[in-house]
Structure formats: C-alpha cells, structure tokens
Amino acid sequence: MKLTPGTPDALAPGLRSLSYGIFCWANRNPGALRKIGWVLRRWPFVGGWFGMAARASAVKAVLTRPNSFSNTAHAGNLSAGDYLIGMDPGPTYAADKSLLDDRLADLDLKLPADADAEVKRLVNELGALGKNKPFDLIDKYLMWIVLRAMDPLFGAATPRVAAGVNGNINDPGLQKQYMMEIRYVAGQLLAGSTATLRVQRRAELNSDALKARIAAVRTDIENAWNVHGRSADFIDRNAVGLAWISHPVTVQSGALAVQELLGRPEVHKALREEARRLQQIGPDEVWQNKAFRTSVYNHVLELMRFRPIFPLLARDVPRDTEFVTGARHNATCPAGGKMAIWSISAMFDPDVTKDIKPFKDISQFCPTRNWGNQADLRWLMFGYGTRQCPAMKYAVEILTSALIGLLILPELKLARGEGKAIAYDGALMSRMLVNFI
Amino acid sequence: MLEMVRQQMICIVVPGWEGTTELAENGPVFTGLEDLLRKVDVVQFASVALLPARADAEEETPSLMMELAIEEGIDPYDMLYRLICHPSEAMWALYRSYWPDGGPPLQSERNRQLLDKLMPCLSIADGGFIGARDRTARQIEKEQALLQWTRGQARALKATGQCGDDRAAFALALAQRAFQNPSFDWALEPAPRSYWRGKGASTSTKIGFVVGAFVLGLVAVWLVGAVPRGAVGLWTWLFGAPHPDVLVVVAFISKASRWVLGVSLRTALVVLVVLYFGWLFLVALPALFKSWRLWLESLWRELDRPTETWSSWSTYWVGWLVVVPLALAVVAFAMVFIFCPRIILDAYHAATKELYGWQIVALVLLALVALIVFVNVFSKVNQRVAKTGNWFFHPYEDDVPRAQQVHASIDRCEGQLVGGTAHMISLTDLRSPNGWSAWWIRTSLRIVTFAGRVFFTEGRLGTAPGIHFGHWHIIEGGRRYLFCSNYDGSFGGYLDDFINGATIGTTLAWRWTTLKPRGSAGAGPAVDKPRSFPPTRFGVFRGVKCELKFKSYARDSMLPHLYRFDKCKTPVDQIILATGLRDALFGERNDRNDDLIMRAIES
C-alpha cells in the first residue's frame with residue numbers, strides 16, 4: 001500500500017510516540033537487537049510465532065524467495081514515489097534496473113579516484129582546524145565525500161541537480177540543502193510506518209521538494225543520461241530514487257561505521273599505526289598501498305556488520321506460505337501479512353562459521369575472518385540474493401576512502417562538554433561532533 | 001496532542017516594517033507568493049497583514065504578520081524551511097526590505113538569514129479550532145471533483161429515467177459508475193480519519209481511554225513500591241536480611257508509593273462524586289421536575305442576560321454570596337479528603353461519639369427537610385418578586401452608546417472575499433496584569449482546543465458551523481492578542497454563531513482583552529478611544545451575549561489583510577459532504593450510504 005500523503009494518525013495518542021521511541025532506541029542500540037537475535041536463533045519457534053527469521057539459513061532462504069516475500073513492503077515508505085527497492089520484478093523493474101546498472105558502470109570508472117580526491121581536499125581543510133575544536137563529521141566530511149564520489153550518477157547534470165534549476169552551482173549552501181532534502185526522504189525508508197506524523201510529513205515535504213527539483217532539471221538529466229525519448233515519468237522516477245537512496249544511506253552507514261570504530265580504541269589505534277607507518281614511507285603510500293586499502297575495506301565491512309543501517313528488514317507476503325525458521329515446524333505466513341528479517345542476527349549466527357578453520361568466534365570483531373563459502377553473508381546488511389543492493393561495493397569503496405582520510409588526520413574522539421556528541425533525529429544520526437586529540 | 005493542532009496555525013509577526021516593498025494585491029511579491037503556496041501544496045490558507053504598533057511601544061513602525069494554516073503533522077520549522085528554501089525565493093521577495101543593503105549575494109545565505117530572522121518571530125497558536133480536519137488540500141480538491149462528477153452523472157442518469165423513483169437503485173447505479181472510473185482509484189480507500197474521529201470517536205472509547213490511562217498509572221505506581229518490596233523479600237528468603245539502610249530506602253519508597261496510590265484513588269472518588277452530583281442536579285433533576293428545570297433555565301438566563309437588570313444583578317450577587325463560598329468549601333473539603341482524610345474521619349468520630357446511630361440518621365433527615373423548606377421558601381419569594389412588576393427584569397443601562405462604523409479598508413477586504421471563505425484578523429491588548437490575563441487565556445484556549453480535538457470532530461465548534469481554521473495567539477511578550485479566522489459566510493453570521501452557540505468558550509477566550517488606542521498601519525483603521533470587552537458574570541456568562549457591544553468591539557479590533565490565499569475555496573459543509581460521498585460511493589451498499597449519496601447529489 002502506498003503511503004498516502006498527509007494521512008492522519010489513527011493510533012491513540014501516545015502509542016505512536018511509544019512505538020517509534022522503541023524502534024529508534026533499538027536502531028541506536030544494535031547490541032540489544034543482537035541479544036534479542038540470539039534468543040530468536042536459540043529458540044527459532046519463538047520467531048516463527050511472530051513471523052521473524054533470525055537464523056542465517058532462514059534469512060538467506062527468505063531473501064532468495066522474492067516472489068513469496070516481496071520487496072513491496074518498502075513501497076509504503078517511499079515517500080518520493082515508487083523506486084526499484086519497493087518494486088516486484090516486471091517490465092518497469094527491468095527497465096529501471098537496466099538504467100541503474102548503466103549509471104553504476106559510470107561510477108566504476110571514477111572510483112575510488114574521485115572519493116580519494118575529495119577526501120584529500122577535506123583532510124587538508126580539517127587538518128588546519130587544530131585540537132579540541134569540535135566539528136560535525138557528517139556535515140563537514142562524510143556528506144561531501146559521498147556527494148563528490150557519486151558525481152557520475154547524474155553525470156553532467158549533477159551541479160544542476162544539487163543547486164536547483166535557478167541556483168548558483170558554486171553555492172555550497174544550496175548543495176547542502178539538497179543533501180538535507182534527500183536525507184529526510186531516505187529517513188522515511190528507515191523509520192517506516194512506525195514513524196510519527198511529524199517525521200512522515202517532513203519526509204513528504206522534502207519528497208515534494210525533491211520531485212520539483214528533479215522535474216525542473218529533467219532536460220539536463222535526460223542529456224546527461226542519454227535517455228532521449230524516454231517518458232518524463234521514467235526519468236523522474238529514476239532520478240528521484242537514485243538521488244535519495246544513494247547518498248544519505250551511504251553517509252549514514254559511514255557515520256555508523258565511525259561510531260563503531262571510535263568505540264573500539266584498539267582497532268582504531270592499530271589502523272592508525274599502520275597508516276602512520278605507510279605515511280613515513282611516502283605521502284601517497286596510504287592511498288596506493290593495496291594491502292592497506294584491502295585491510296581498511298575489510299574493517300569497514302566488519303564495522304557495518306556490527307552497526308548496520310538496516311538491522312531489520314520487512315517483507316510483504318502476497319500469498320499464503322511458510323518459511324523455514326530452523327525449528328521443528330515451519331512458520332506460517334498468511335497472505336496479505338508481513339514478516340521480519342533479522343539481518344543483524346543472521347550475521348552473528350555461529351552456525352555459519354563453526355566448521356571454518358581457523359575458527360574465530362563470530363560474535364567477535366575480526367575483519368580478517370575467513371568466511372569460507374559463506375562470504376556473501378558479510379554483505380547481508382545490503383540484502384541478499386537477486387534483490388541485494390547493486391551499489392554495495394561502491395558504497396564500501398567510498399567509505400574506505402573516507403576512513404583512510406580519518407586515519408591520516410590527527411586522532412579523533414567524540415567531542416565532550418557541549419551536550420551529546422551524537423544527536424539523533426529519530427532513527428537517523430543527524431550530528432556526530434568530533435574533535436582532534 | 002494539542003501541540004499538533006496548534007502547530008497547524010502559525011503566525012509570523014516580524015516587527016520593524018519599513019514599508020519599502022511593493023505590496024500591491026497583484027504585484028510581483030504577492031503573485032510570487034501565490035505561486036509558491038500553490039506549489040508547496042500543504043498550505044490551506046494564508047494571509048499577510050500589517051499590525052499597528054502599540055501606543056507605548058519603543059518602535060513606532062508596524063509589524064508584518066503572515067498567517068499560515070497548514071496541514072496536520074507538519075512541524076512549523078519544516079514548513080518555514082520549505083517555503084524559504086523554495087527556488088522561487090518568494091519569501092525573500094516579501095521580506096527583503098528588512099535587509100536595506102540588499103542582503104547577501106548567495107541564495108543559501110539569504111535563505112539562512114531569513115530563516116534565522118523569522119523563526120524567533122514565529123508563533124504557533126495558543127489555541128484554535130479546525131473545522132474540516134484530517135483532510136489535505138489535495139484530498140479536498142479530489143473529493144470536490146468527485147462530488148461534481150457524481151452530480152453530473154446523477155443528472156445524466158435521471159435523464160435516462162432507468163432507475164425511476166427507486167433511490168437505492170439510483171445510488172447503486174452511481175456507485176457502479178464511480179467504481180468503474182479509473183480516475184477515482186484513490187477513493188477506494190476510505191477517507192483517512194485520525195483517532196478521535198475514527199476508533200476513538202465513541203463516548204465509551206473516550207471513557208475507556210481515561211480509565212485505562214488512570215489504571216495503568218496506578219499499576220505503575222504500585223509496581224514502584226511492590227518491586228523493591230518483592231526484591232527485599234526474595235533476598236531475605238535467599239540470603240537473609242539485607243543491609244538496614246536498604247530496608248529504610250525500600251520502606252520509604254513503599255510508603256511513598258502507597259501514599260500516591262491513596263491520593264490517586266481518593267481523587268478519582270472525588271471526581272466521580274462531583275460528576276454524579278453534576279449529573280444529578282443538571283440532568284436528572286431537571287428531567288424529573290419541571291420546576292427545577294425552569295429554575296435552572298431562569299438562573300442561566302439571568303447570568304447570561306446581556307443587559308443589567310435587577311433580576312440579573314441579584315442573581316449575580318446571590319451567586320457571589322452563596323455559590324462561590326459553597327464551591328470553595330466543597331473544594332476545601334475535597335482537598336482535605338484527598339490529602340488528609342484522617343482529619344475528616346477524626347472530626348466525624350469526634351462529632352458523633354456522643355450520638356447513637358438513629359440520632360445521626362435523624363439529623364441527616366432534619367437537614368434534608370430544612371433544605372427542602374429553604375428551597376421552597378426561596379422559590380416562593382422568587383416567584384413573588386417576579387410578579388411584583390416588570391421593573392425587576394427591565395434593563396437599567398443602555399446597551400451600545402453609538403452606532404458602529406466599519407472602516408473602509410475592512411469593508412474592502414470583506415467585499416473581495418464575498419462568495420468565498422471569509423477572513424478576520426482581530427488585534428486586541430491584554431488586560432493588566434498581562435501575565436495573569438495571558439495565563440487565563442492560555443488555559444481557556446487549551447480547553448477549547450482540547451474540546452475541538454476530542455469532542456467536536458465533525459466541523460462544528462459547539463454549535464458554531466463553518467470554521468475552517470480559527471486561531472488565537474498571544475504575541476509581543478504577552479502584551480497583545482491576535483485572532484485570525486477563516487470561516488464561511490458573513491462576519492455578522494459568524495459572530496452570531498458564537499453568540500448563540502459556543503458562548504462560554506468565546507467569552508473565556510476574549511474576556512481578558514481590552515482595546516487600547518493605537519495608530520493605523522498602512523491603510524488600516526486606528527483605534528482612537530479605548531474600548532472594553534463586554535462585562536462578564538463569573539468569567540463565563542454574559543460577555544458575548546451583549547451582542548452589539550461584542551460585535552462593535554470585534555469590529556473595532558479588526559485589521560485588513562494585504563494578501564489572502566485560499567487553496568480550496570470550498571465551504572466546510574461542502575468538504576464534509578464530499579468526504580461522506582466518497583465513503584458512501586465506495587463503501588458497502590446499505591440504506592445509510594444510499595441516503596448519503598442521494599443527499600449529496602440533491603443538496
């Protein structure tokens with residue numbers, strides 16, 4: 001069911017805030033979700049009662065049955081209109097997917113060079129800040145890296161998309177306005193139907209703004225994508241979808257990864273030591289050393305495993321079916337209902353790696369873990385199977401560049417003394433104040 | 001809950017208007033604003049007006065006021081951000097005269113500075129009422145299109161004569177046509193309804209909500225005491241007695257929990273008793289005894305009587321001398337019962353320890369007989385006084401000292417809106433002391449807003465129909481009181497609805513105001529002589545019942561608008577009708593829905 005713009009809240013006063021509060025708290029505390037996930041893995045029949053898949057085998061099985069467990073569960077939360085993530089396979093899906101693949105192919109040519117270039121620029125800028133001067137890591141660093149790295153998605157139309165049809169393309173404030181706009185649209189995908197009316201309406205307002213923005217620069221996008229002759233609906237749908245899903249999700253994932261890293265001082269220290277050693281060899285060595293890049297890449301993935309942006313996923317159940325939970329009996333799913341996928345639990349399922357040598361406890365942080373034939377599970381935060389996020393490798397590549405930049409800057413810590421360093425806006429992290437030590 | 005309603009009605013009052021921007025009705029600033037508000041699509045009404053400065057204000061320049069009535073759930077910051085950051089820069093065009101040097105060159109910087117300037121001047125309503133709730137502007141427009149289409153189809157169907165006089169068949173045929181029209185796919189879902197118009201609409205649900213919340217609260221308080229008690233018991237059973245300090249703390253928590261439980265239960269009992277007596281005296285007795293009903297009506301009439309007569313004068317003073325002390329005594333008794341019930345019990349035991357039970361019963365009966373005798377004597381005296389002559393009920397003061405003149409600018413604005421949704425801006429001053437008046441107004445407005453949100457959910461405030469968005473703001477640090485209303489019909493009829501309908505709420509909301517002399521702003525009217533809100537009795541009676549005085553006061557407080565935006569231009573009744581038609585056409589076929597369809601096409 002599509003989200004109806006401006007639908008009033010039919011829940012009793014207080015219930016919405018309560019359920020949204022619990023949802024946001026759970027999103028901010030993945031440790032708690034992991035513990036519940038442990039319970040659901042240990043006694044999978046409990047998850048079965050509530051239509052929840054928690055074991056890795058169960059999650060994989062569900063995600064490889066897109067016809068029985070449909071992505072349309074996302075459609076209600078796409079406040080800016082339909083897009084690939086909320087569609088069932090079909091002609092529209094195929095056409096949109098083909099366009100997306102073309103756009104990502106362009107990204108292939110420019111990464112990680114573009115991301116590295118922007119990181120270097122920001123490293124110089126932030127390096128001049130000095131110690132104990134707090135700055136917002138999202139606002140001053142991550143947002144811009146992802147924006148520049150994803151330039152090829154809109155090609156020559158990028159400046160117009162970011163500045164608006166009449167805006168000055170050299171006005172960074174307008175670009176920031178664009179990034180805020182898409183952040184709230186993406187936030188609705190995360191918050192889902194539990195969101196309070198205020199959050200939903202904000203997403204709708206920003207969706208309207210984004211759609212108007214894209215419609216106004218449609219010709220620029222059409223030329224940049226070379227999709228002459230395609231309908232305005234096709235261009236708008238894909239441009240709007242691509243805008244809100246690419247940038248904010250990557251930025252949030254980056255912020256969550258940094259949050260996790262700062263909570264692991266030994267890991268952080270070891271990475272910084274390695275970066276410093278390479279810098280002593282040569283100023284560009286951190287960027288060119290493949291082993292180091294691979295190591296940071298693995299760290300990013302492991303950090304995201306511990307703090308995924310989508311710890312839980314929902315799926316629509318279009319017809320009566322059941323799924324294997326791992327318990328004695330399968331869980332039944334009545335048609336028209338929904339079921340939940342505990343990705344965060346599946347990524348910590350010890351059954352996955354118990355026979356792999358050398359054995360490493362899956363609940364421990366270990367970027368170099370041998371996943372054996374289960375390597376695809378480390379990408380579970382991006383989905384699984386045919387509906388896995390097609391841009392996941394690019395996202396991790398961009399975040400790798402961003403993390404390398406942070407490693408060569410003076411050591412970071414969360415800023416203290418001026419309120420909370422991390423501010424949340426519902427389930428989203430809206431600010432991450434850090435300073436150099 | 002109330003904040004969400006209040007946030008739908010915004011006034012941005014920016015002082016220091018120098019008047020260098022061209023604000024002509026069809027000038028580029030207002031056409032740009034019109035275009036912006038249409039595109040943004042969530043603003044249902046908007047207006048711009050100049051508010052004259054107070055006579056004692058340091059700054060003599062007027063304030064530029066922008067009123068926005070927006071859809072539910074939107075945070076005012078988000079709304080303002082969206083309006084200001086729109087690529088058209090229409091908001092900047094309106095406010096740019098606040099930057100005499102032209103403002104910063106970068107658009108984003110201009111947006112930021114404008115946002116920083118307007119946010120502190122933004123005021124959400126202190127209270128308000130929304131008639132056509134739970135509807136977006138887009139929904140209203142679509143449902144109006146459905147209504148027009150249905151009427152057209154009904155005419156065509158009638159011309160064919162295929163349904164004859166069978167109303168059910170006629171409604172069914174219309175529903176089938178609507179169902180087969182793909183452009184009405186959106187109507188397949190029932191019109192959205194918020195909780196108080198949906199699941200929470202019934203009285204039993206509302207009572208259940210209150211009782212449920214109360215019981216949950218009691219359970220929580222009980223748990224606060226019971227959990228530590230249980231933990232200590234378990235610990236003692238497992239390991240022996242815990243540290244004495246722990247026992248002291250647990251005993252304190254347990255005692256506090258019990259005290260709160262006791263106070264809560266006694267409060268609930270007091271509320272129930274008050275409700276019972278309220279029901280007994282105001283509902284049951286009037287229904288059983290005609291004399292009691294007549295007496296109550298007469299009491300109400302005297303208190304609400306617009307003119308001063310000896311009858312109303314004596315009723316008022318009897319109220320002060322008898323009812324007020326009695327009410328205070330009841331409140332004091334209730335407080336003592338809630339917080340120190342032991343005092344009442346001790347006093348009762350002390351007073352009755354020398355008496356036998358039959359003596360107590362006899363005393364109670366005696367008191368009842370005395371009360372009945374007193375009421376009868378009072379009634380006889382009352383009737384005799386009434387018969388002594390009409391002088392007792394004749395007014396002894398004039399109503400309005402002069403004929404009312406309406407300023408030309410107000411006339412012009414009202415003339416422009418004839419046939420559409422009318423609009424009113426009223427600016428008054430708060431009575432001194434401002435803080436006291438502001439507190440009372442806010443309290444009254446919260447009650448009005450709550451009642452509008454929870455009880456008056458179908459487009460009428462009390463019995464007053466036709467209000468789209470009516471909102472009150474206390475502005476300028478509690479010195480002034482701004483009222484903006486978007487309503488159907490004419491000014492006189494609109495105020496008549498309040499005078500005859502929501503009397504108490506309107507009196508409560510206005511009685512703390514006065515009208516001080518002030519200059520004019522632009523082409524608007526000035527106030528030359530101070531005026532007062534009509535006198536009230538016990539704060540809630542009379543007031544707006546002084547019709548001419550009230551209308552004259554309201555007229556003198558009015559200001560003209562410079563610009564007006566009305567997204568849908570549809571009366572409240574029409575909006576409600578169209579929503580009902582949508583649900584009836586696409587709902588199940590039954591007599592009620594058939595009747596609704598027929599009424600919609602026939603009205």
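**Figure 1. The contact between chain A and chain B takes 28 residues from chain A and 29 residues from chain B.** Two residues are in contact if their C-beta atoms, placed from the backbone, lie within 7 Å. On chain A, the elements giving two or more residues to the side that touches chain B are α10 (172–191) and α11 (197–216). The largest share, nine residues, comes from α11(A). By class, this side of chain A has 12 nonpolar, 10 polar and six charged residues. Ala, Val, Leu, Ile, Met, Phe, Trp, Tyr, Cys and Pro count as nonpolar; Asp, Glu, Lys and Arg count as charged; the others, Gly among them, count as polar. This is a predicted model: local features need pLDDT of at least 70, side-chain atom pairs count only at pLDDT 80 or more, and totals for chains, interfaces and linings use all residues. Residues are numbered from 1 along each chain as its sequence is written, while chains are lettered from A and ligands numbered from 1 in the order in which they are written.

**Figure 2. Chain A has 18 helices and nine strands.** Helices (H or I, at least four residues) and strands (E, at least two) are DSSP runs, numbered from the N terminus. The radius of gyration of chain A, taken over C-alpha atoms, is 22 Å. The globule rule (2.2 Å times the number of residues to the power 0.38) gives 22 Å for 437 residues, so chain A is as compact as a globular protein of that length. Its C-alpha atoms fill a box of roughly 60 × 55 × 45 Å along the principal axes. Among contacts in chain A between residues at least 6 apart in sequence, 71% join residues at least 24 apart.

**Figure 3. Five strands of chain B form an open antiparallel sheet in the order β4-β1-β3-β2-β13.** Strands pair if DSSP finds at least two bridges between them. At the edges stand β4 (122–124) and β13 (563–566) of chain B; each has a single partner strand, so one side of each lacks a neighbour in the sheet. The twist averages 15° from one strand to the next.

**Figure 4. Strand β2 (residues 43–51) of chain B pairs with β13(B) in the antiparallel sense.** Four bridges join the two strands. B:Ser47 has B:Arg564 of β13(B) as its bridge partner. Helix α2 (residues 28–40) of chain B lies across β2 and β13 of chain B, running at about 20° to β13(B). Axes are lines fitted to C-alpha atoms, for helices over the stretch in contact, and angles run from 0 to 180 degrees between N-to-C directions.
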